[in-house]
Amino acid sequence: MAVFGVLAAALGAVGLVSPAAQLSLLGLAVPGARGSGDHTAAFVTASSMAALNMGVYYVLAALADWRAFYLWTVPFRLLTCTVFTVAVAGGRAPQAFLGVAVWEGLGALATGAALLHERRAARRQPAAGAPAPAFPAPVTDGEVR
């Protein structure tokens, strides 16, 4: 979570400082002269600010070890993966968006797998402070209980 948060925040900061650099990182063409209806810079700024905020949320959630937040990210990152993939397939977004879709999908799967692994490991171990199971001592020859 923390690594994803730092990466998202850093990429968001890059987009705020240099929208052209952000477009290049995403493999998108950087427009030369903008026409009156070209709002590319505004959309890059908005998505970069969202990425910066989201990155900070992820880092804070990691610092607080907020497991519920981790769980909530899984379906929404899968949704993002799906929407971006469908947008590319439908011609609404460039092929470069598949990289973002893969990033989100793999991140969701990795998070879900880690949470499932931790849940299974927790089931195999007694809770902290719980008494150890009481087993009777072995019976030796001639001992009566």
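The crossing of H4 and H5 is left-handed (the near helix is turned anticlockwise from the far one by less than a right angle; clockwise would be right-handed). The structure is a predicted model, in which local features need pLDDT of at least 70 and side-chain atom pairs count only at pLDDT 80 or more, while totals for chains, interfaces and linings use all residues. Residues are numbered from 1 along each chain as its sequence is written, and side-chain values use heavy atoms, with hydrogens and water left out.

The axes of H4 and H5 come within 8 Å and cross at roughly 150° (axes are lines fitted to C-alpha atoms, for helices over the stretch in contact, with angles from 0 to 180 degrees between N-to-C directions). H4 is therefore roughly antiparallel to H5 (under 35 degrees is roughly parallel, over 145 roughly antiparallel, 65 to 115 roughly perpendicular and the rest oblique). The contact of H4 with H5 comprises 15 nonpolar, seven polar and four charged residues (Ala, Val, Leu, Ile, Met, Phe, Trp, Tyr, Cys and Pro are nonpolar; Asp, Glu, Lys and Arg are charged; the others, Gly among them, are polar).

The overall composition is helical. The protein has five helices and zero strands (DSSP runs numbered from the N terminus, H or I of at least four residues for helices and E of at least two for strands). Along the sequence the pattern reads α-α-α-α-α. Of the 145 residues in the protein, 22% are buried (under 20% relative accessible area; exposed is over 50%, partly exposed in between, with a 1.4 Å probe and protein chains only). Among contacts with a separation of 6 or more, 60% link residues 24 or more positions apart (contact means heavy atoms within 4.5 Å).

H1 and H3 form another packed pair. Their axes are 7 Å apart, at an angle of about 155°. H1 and H3 are therefore roughly antiparallel to each other. Their crossing is left-handed. On the H1 side, the residues involved include Ala2, Phe4, Gly5, Ala8 and Leu16. Their H3 partners include Val44, Ala51, Leu52, Met54, Gly55 and Tyr58. By class, the contact of H1 with H3 holds 15 nonpolar, six polar and no charged residues. Within this contact, Ala8 touches Ala51, Leu52, Met54 and Gly55, leaving aside neighbours within four places in sequence.

H3 also packs on H4. The angle is about 145° and the axes lie 10 Å apart. Tyr57, Tyr58, Ala61 and Ala62 in H3 meet Phe69, Tyr70, Thr73 and Arg77 in H4. This contact of H3 with H4 has six nonpolar, one polar and one charged residues. The loop between H3 and H4 contains Asp65. Asp65 is not a glycine, yet it has a positive phi of about 50°. Its relative accessibility is 40%, so Asp65 counts as partly exposed.

The largest nonpolar core has seven residues: Phe4, Ala8, Tyr58, Ala61, Phe69, Tyr70 and Leu115 (a set of buried Ala, Val, Leu, Ile, Met, Phe, Trp, Tyr and Cys residues joined through side-chain atoms within 4.5 Å). Helices H1 (2-17), H3 (40-64) and H4 (67-89) each supply at least two residues of this core. In soluble globular proteins, nonpolar side chains tend to be buried together.

Phe4, a member of this core, lies in helix H1. Phe4 is buried, with a relative accessible area of 9%. Beyond four places in sequence, Phe4 is in contact with Met54, Tyr58, Arg77, Trp103 and Glu104. The C-alpha atoms of Phe4 and Tyr58 are 7.2 Å apart, although 54 residues separate the two along the chain.

Two residues with charged side chains also contact Phe4. Arg77 belongs to helix H4. Arg77 is buried at 5% relative accessible area. Neighbours up to four places away aside, Arg77 touches Phe4, Tyr58, Trp103, Glu104, Gly105, Gly107, Ala108 and Thr111. Glu104 sits in helix H5 (residues 97-124). Glu104 is buried, with a relative accessible area of 9%. With the same exclusion of residues up to four places away, Glu104 is in contact with Phe4, Arg77, Thr80 and Cys81.
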